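User: Please take me through this model term by term, setting each value against its definition.

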Amino acid sequence: MAIYIALDDLHGKLETLDQLAKVQAKYRSATTVFIGDYIDTSTDNLGFALIDRIRHMQAANPAHTVVLMGNHEQAALDFFRNSYRDA
């Protein structure tokens, strides 16, 4: 039986990854799925440190780490694409 650890709506909360590490240690064969919404423009912590750590986790264990984009990331991409087009 496959085991999945799913996380979503982290919104820049880097401390969540510390708790995740404890769960991953308990379920070493599990696949961790990040479902999106890593960034959050309503706080001082936009989520860049969180995204960086998730990227490192995926690079270190690509077979057991899935990273999906959420609507917050899509909105940021849309904003930057439209900003550059209007410039």
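Analyst: A residue is buried under 20% relative accessible area, exposed over 50% and partly exposed in between, with a 1.4 Å probe and protein chains only. The model is predicted: local features need pLDDT of at least 70 and side-chain atom pairs pLDDT 80 or more, while totals for chains, interfaces and linings use all residues. Residues are numbered from 1 along each chain as its sequence is written, and side-chain values use heavy atoms, without hydrogens or water.

User: Why is Thr-31 called buried?

Analyst: The relative accessible area of Thr-31 is 14%, which is under 20%, so the residue counts as buried. Thr-31 lies in strand S2, residues 31-34 (strands are DSSP runs of E, at least two residues, and helices runs of H or I, at least four, numbered from the N terminus). Leaving aside residues up to four places away in sequence, Thr-31 touches Ile-3, Tyr-4, Ile-5, Ala-63, His-64, Thr-65 and Val-66 (a contact means heavy atoms within 4.5 Å).

User: Which residues of S2 point one way and which the other?

Analyst: Thr-31 and Val-33 point one way, Thr-32 and Phe-34 the other, and all are buried. In a regular strand the side chains alternate between the two faces of the sheet.

User: How do you know that S1 and S2 pair?

Analyst: Pairing requires at least two DSSP bridges between two strands. S1 and S2 have four bridges, in the parallel sense, so they pair. Tyr-4 stands opposite Thr-31, and Ile-5 has Thr-32 as its bridge partner.

User: What makes S1 and S3 edge strands?

Analyst: The open sheet has three strands in the order S1-S2-S3, with parallel pairing. S1 and S3 (65-67) each have a single partner strand, so one side of each has no neighbour in the sheet. The twist averages 15° from one strand to the next.

User: Why are H1 and H2 called roughly parallel?

Analyst: H1 (residues 15-26) and H2 (residues 48-60) pack at about 25°, with axes 12 Å apart. Roughly parallel applies under 35 degrees, roughly antiparallel over 145, roughly perpendicular from 65 to 115, and oblique to the rest; the helices are therefore roughly parallel to each other. Leu-17, Asp-18, Leu-20 and Gln-24 of H1 meet Leu-50, Arg-53, Ile-54 and Met-57 of H2.

User: What makes up the largest nonpolar core?

Analyst: Such a core joins buried Ala, Val, Leu, Ile, Met, Phe, Trp, Tyr and Cys residues through side-chain atoms within 4.5 Å. The largest has eleven residues, including Ile-5, Leu-7, Leu-10, Ala-30, Phe-34 and Tyr-38. Strand S1 (4-7), H1 and H2 each give two or more residues to this core, and H2 gives the most, with three. Ala-30 touches Ile-3, Ile-5 and His-64, not counting residues up to four places away in sequence.

User: Are Asp-9 and His-11 buried, exposed or partly exposed, and what is their phi?

Analyst: Asp-9 has a relative accessible area of 37%, between the two limits, and is therefore partly exposed. Phi is near 55° for Asp-9 and about 45° for His-11, which is not a glycine. Most residues other than glycine have a negative phi.

How values were computed. Axes are lines fitted to C-alpha atoms, for helices over the stretch in contact, and angles run from 0 to 180 degrees between N-to-C directions.
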